[in-house]
Amino acid sequence: MTARALINAPKTARKGDIIEIRAMIAHKMETGYRQGPNGQMIPRDIINRFVCTYGGAEIFSADLFPAVSANPFIAFSTVATESGTITFAWTGDDGQTQTATAEIAVN
Amino acid sequence: MSGPTSIRLARRDLIFGAGAGLVVLTLPRAVLARPTLDDAIRGFTGGKALNDGRVKLDIPPLLENGNAVGVTIDVESPMTAEDHVRRIALFNEKNPQADIAIFHLGPRSGRARVSSRIRLATSQTVVAIAELTDGSFWSSRASVIVTLAACIEDLS
Amino acid sequence: MVWRKPGLAVFAIIFGGGAMAEIAGEEKKSGSGFMSRETQAMQADDTSNPGMFSVLDGERLWREPVGPAMKSCASCHGDAEVSMRGAAARHPAFDETSGKAIDLAGRIKLCRRDKQTAEPFPRGSEELLALTTYVGTQSRGMPVAPPVDERLTPSRENGKRLFEARIGQLDLSCASCHDDNWDKRLGGSPITQAHPTGYPIYRLEWQSVGSLQRRMRNCMVGVRAEPYEFGSQEFIDLEAYLNTRASGLAVETPGVRP
């Protein structure tokens, strides 16, 4: 599934540069600790896992809990090693994974 | 307005009204049984000693709203294959659940620096812990004050 | 124990005396100017502003052909970056057909209903918010420019009257806070001057995008007054008045507010 996501990553970099990547996905991150108007607890529904791969190899990941804000935002770094695709994958409590990609040219 | 007027109103007075949506109300008792901050930290470190230093936890001390609090964790590390930060964990003292997030890094990270946005239910302590390749744990804590948003909506 | 913010249970506001005072030009300041650096930064960077999701959804809806004639907004208006530039800055505007003031969301609703003859989007729906945010952001950086149009005078005057009328169990007017005490705080929050510069906004409190009318309803609930209905003439008139008060400030849509 394609994510409603906003990615901020440089399109070009020099080999060996440390680049910053920021990724945000639209998701309500329902905590499971809230009551709805009818007094019923609203079931938890969060993104619990985020994985970033670069040229096919995992370079960063995160386990997320309900205390991560709605529309989870994560910024991290990586070393520009080669031209290729950076892939972002967010997995929800429902087991569904949403993905987004960014291309980078390294010279 | 003539003369000074003093208004005091309880939060419960502010949150009534109508609309379509959800409110945050009191929790059932079961939720109260969360591990303490120290228990949660022990769960992560396996009981190993926590060292002070190396970790910089950047979080505003006074928050306008606890729903989206920007945090940045910076760990001093060469981030080489032999010597790098493996994991960075964030825990809180007073949310219904102690865990916030665990970030997994490696030598390809280049720099041990991670930012995110988190929820803090109330004024409390937040702790960041870094696990290094040599098996040592380093930590930093910060206390934050969460102010109450004015003119919220109830939606019950 | 509650999940959020049980800490501060009581607000105390001490208001000094003094008559209703409109805000002098050089003191005029958007709500964003009262925010923390962190919240300002969240608004300023498009890849960290969650309101941008609404912009992206609006962009998609803009191009989507609907209704019996399968017309999209783009079929008539073309590129929104060109055709919608300034539209948010000059709304509420006068609507010839109804002979009344109309706000931006109301205008979009009408185009959807009458020009596309498609299923109307209700106020507060994600779709209407998304289109309003998308159209709104085309005016980003432009000064709020209330139209020079005498036909809007009755609406603006009524808006001013409503703004200055005491309401609710707390017996406060909007002006008691936003004209007379905008430099003070209510609990932890700066009161601000109530400028409608960023709407629709992503409000951290809501954890979602919402309209100016929703924001005004929150203030009405805050003073324990019965809020006006979404889309009511009262709200349109208040919006028309707020736009004249904010004249010259930059449009910030999608704004982020606490």
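Asp45(A) counts as partly exposed, at 25% relative accessibility, in this predicted model. Its side chain meets that of Lys28(A) in a salt bridge, with 3.2 Å from N to O, and Lys28(A) is exposed, with a relative accessible area of 51%. Over all chains the structure holds 25 salt bridges, and the points below take up some of them together with the chains they belong to.

**Salt bridges within chain A**

- The pair Asp45(A) and Lys28(A) links distant parts of the chain, 17 residues apart, although both residues are placed in the loop between strand E3 (18–25) and strand E4 (47–54) of chain A.
- Asp93(A) and Arg44(A) form another salt bridge through their side chains, at 2.9 Å from N to O; here Asp93(A) lies in the loop between strand E7 (84–92) and strand E8 (97–106), while Arg44(A) lies in the loop between E3 and E4, 49 residues apart.
- Asp93(A) is partly exposed because its relative accessible area is 33%, a value between the limits of 20% and 50%, and Arg44(A) also counts as partly exposed, at 37% relative accessibility.

**Chain A as a whole**

- Chain A has 0 helices and 8 strands, and the C-alpha trace of the chain spans about 60 × 20 × 20 Å along its principal axes.
- Of the 107 residues of chain A, 53% count as buried, and the accessible surface of the chain comes to about 4,400 Å², with 48% of that belonging to carbon and sulfur atoms.
- When contacts in chain A between residues at least 6 apart in sequence are considered, 56% of them join residues at least 24 apart.

- Chain B contains 2 helices and 10 strands, and read along the sequence its elements follow the pattern β-α-α-β-β-β-β-β-β-β-β-β.
- Of the 156 residues of chain B, 56% count as buried, while the chain exposes about 6,600 Å², of which carbon and sulfur atoms supply 52%.
- Among contacts in chain B between residues at least 6 apart in sequence, 66% join residues at least 24 apart.
- The side chains of Arg42(B) and Asp39(B) meet in a salt bridge of 2.8 Å, N to O, and both residues lie in helix H2 (residues 37–45), 3 residues apart, which is about one turn of the helix.
- Arg42(B) is partly exposed, with a relative accessible area of 46%, and Asp39(B) is partly exposed as well, with 36%.

**Where chain C meets chain A**

- The contact takes 13 residues from chain C and 15 residues from chain A, and the two chains bury about 1,200 Å² between them, 62% of it on carbon and sulfur atoms.
- Across this interface there are 2 salt bridges, and one pair that meets in a salt bridge is Arg22(A) and Asp45(C), at 2.3 Å from N to O.
- Helix H2 (residues 51–63) of chain C gives the most to the side of chain C that touches chain A, with 4 residues, and the residues of that side divide into 6 nonpolar, 4 polar and 3 charged.

**Gln207(C) and its partners**

- Gln207(C) is found in the loop between strand E6 (201–203) and strand E7 (208–210) of chain C, and a polar contact of 2.8 Å joins its side chain to that of Arg119(B).
- Leaving aside neighbours within four places in sequence, Gln207(C) is in contact with Ala70(A), Asn67(B), Arg119(B) and Tyr202(C).

Note on methods: Residues are numbered from 1 along each chain as its sequence is written. Chains are lettered from A and ligands numbered from 1 in the order in which they are written. This is a predicted model: local features need pLDDT of at least 70, side-chain atom pairs count only at pLDDT 80 or more; totals for chains, interfaces and linings use all residues. Side-chain values use heavy atoms; hydrogens and water are left out. Contact means heavy atoms within 4.5 Å. Buried area is the accessible area (1.4 Å probe) that two parts lose on being put together, summed over both. A salt bridge is a side-chain nitrogen of Lys or Arg within 4 Å of a carboxyl oxygen of Asp or Glu. Ala, Val, Leu, Ile, Met, Phe, Trp, Tyr, Cys and Pro count as nonpolar, Asp, Glu, Lys and Arg as charged, and the others, Gly among them, as polar. A polar contact is a pair of N or O atoms within 3.5 Å; within protein, one must be able to donate a hydrogen and the other to accept it, and residues adjacent in sequence count only if both atoms are side-chain atoms. Buried means under 20% relative accessible area, exposed over 50%, partly exposed in between (1.4 Å probe, protein chains only). Accessible areas come from the Shrake-Rupley method with a 1.4 Å probe; for residues, only the protein chains shown count as cover.
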